[in-house]
Each structure stands twice: as structure tokens, then as C-alpha cells.
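Morning, everyone. Please look at the model on the screen while I talk.

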Amino acid sequence: MKKKLLLLPFILVILLLSACAWKMQGKYFSDKEVIREVEMLTGTEHVMMLGKEEKSGYILYTFRTDIRNIEFTVASYPAGDSGLYNPANITEDNYRNAIHALYDERIQAICDEIYDIDGWAIFTNRSELHDLVNRIEEMDEIYREELQYHSSAWVKNNCITVVGLTRRDAGEDKGDFSCTVKVDGTINADELEEYICNLYKERTGKELN
């Protein structure tokens, strides 16, 4: 009998959680809650809702920011079948893409100058690596303009591009080293160069001269 009594509170907790989950299933954020969630994304900018359209399985909202007049959409999804474990949510990709679009043209101009036809930034020696990391820092300086509107953590967590570097001698199809660098508002050219040189030595056992 004692064992059954001990089990009873546990069963009641499970039933209560199941009831909560059931009540949450299919529930959307209210318009005010959507605005609150969006403004958590937009940093120092506030937003104005321009439109709301019900779709199959989600609601599509259109917003515009008050400082830069950036227009973007977010999709609002209801709580899923598991309720407490799949709460209502909104998408973030369209906002992030709208921010990146502000910098894409200038970033791409530098990419076009440093990439080969296969999309790699190639260097053969330390002097060429030095030039490359300085160009990458130029890209990073462009993206750092976003720090006027977002925290350094947001900029870092939403890098605008990833640069692939490879060391390859002239005429070689494949070199002896490659790595990637995130353009995320944190790059210091001297530190990056030193890091890549150390990584090259670690992987190949050779100094980069």
C-alpha cells in the first residue's frame, strides 16, 4: 500500500504536465508577443508591423525597422504536439538575411578579388598570407558597422561569411593546408596571421616562410 501511495504524487505530476502540454498544442504567440520577440532580434531598432497573413500551418508577419527602414518577414509557428517542449516560436532567418544584405555588395567585392575560380583564397607563403588576412580584416571592418545596432555577441553569432584559405604552390591542384575564417566582427589581422601560421605548423610540421 505504501508503494502505491508513493507513486500517486508522481502520477499526478505527469497528468498535470500532460494537461498543460495539451492546452499549449496549436497555440500561437499573440501579435504583441510576436512584436516583443522580433524586437529582441532587432537590437537598438524598434519595429512597425506592416502586415499579417495567415498561411497553412503558420502566420506570416511583415515588419519594418524604425531607423534603417529594413523590411523583413517572420513566420510565427504554433506550439507543437509536445507542447511544453515545442513552444510557439518565430523564424529569424529573414531578418538576419536582411541585415547581411546591407553589407553583401561591399563584402562580395573583396571576395571577388581574393577568391580563385573554386572559391578559395590561395596563398603560397607568409607574405601572401599577410596580404590575405589584411583583406579579410577589411571585410570584418565593414561588418563591424553593425555594432551600432547590435551587440558584439549578436554580430559574432551571425557571421556574414566564411572565408576558405588554402596554401598551394603555383601550378598545384591541391595544397598541403586549408582552413576557414568567420567574418564576425572580431578579426584582428596580426592575431589571425599568427593563428594560421601556428595552425599550419601544427598540421604540417613545417614553418610557413
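Tyr61, Phe63, Phe72, Tyr95 and Trp154 make up one aromatic cluster. This is a predicted model: local features need pLDDT of at least 70, side-chain atom pairs need pLDDT 80 or more, and totals for chains, interfaces and linings use all residues. Residues count from 1 along each chain as its sequence is written, and side-chain values use heavy atoms, without hydrogens and water.

How many aromatic pairs are there? Seven. Rings of Phe, Tyr and Trp (its six-membered ring) pair if their centres lie within 6.5 Å; planes under 30 degrees apart are stacked, over 60 edge-to-face, the rest tilted. Take Tyr95 and Trp154. Their ring centres are 6.2 Å apart and their planes at 65°, so this pair is edge-to-face. Tyr95 sits in helix H3 and Trp154 in helix H6, 59 residues apart. Helices here are DSSP runs (H or I, at least four residues), strands too (E, at least two), numbered from the N terminus. Both Tyr95 and Trp154 are buried. Buried means under 20% relative accessible area, exposed over 50%, partly exposed in between (1.4 Å probe, protein chains only).

Next pair: Tyr103 and Tyr143. These rings are edge-to-face, 5.6 Å centre to centre, with 80° between the planes. Tyr103 is in the loop between H3 and helix H4, Tyr143 in helix H5, so the pair ties together parts 40 residues apart in sequence. Tyr103 is buried at 3% relative accessibility. Tyr143 is buried too, at 0%.

Now helix H2, residues 31-41. Its buried residues are Val34, Val38 and Leu41. On the other side of H2, Lys32 and Met40 are exposed. After H2 comes Gly43, with a positive phi near 60°.
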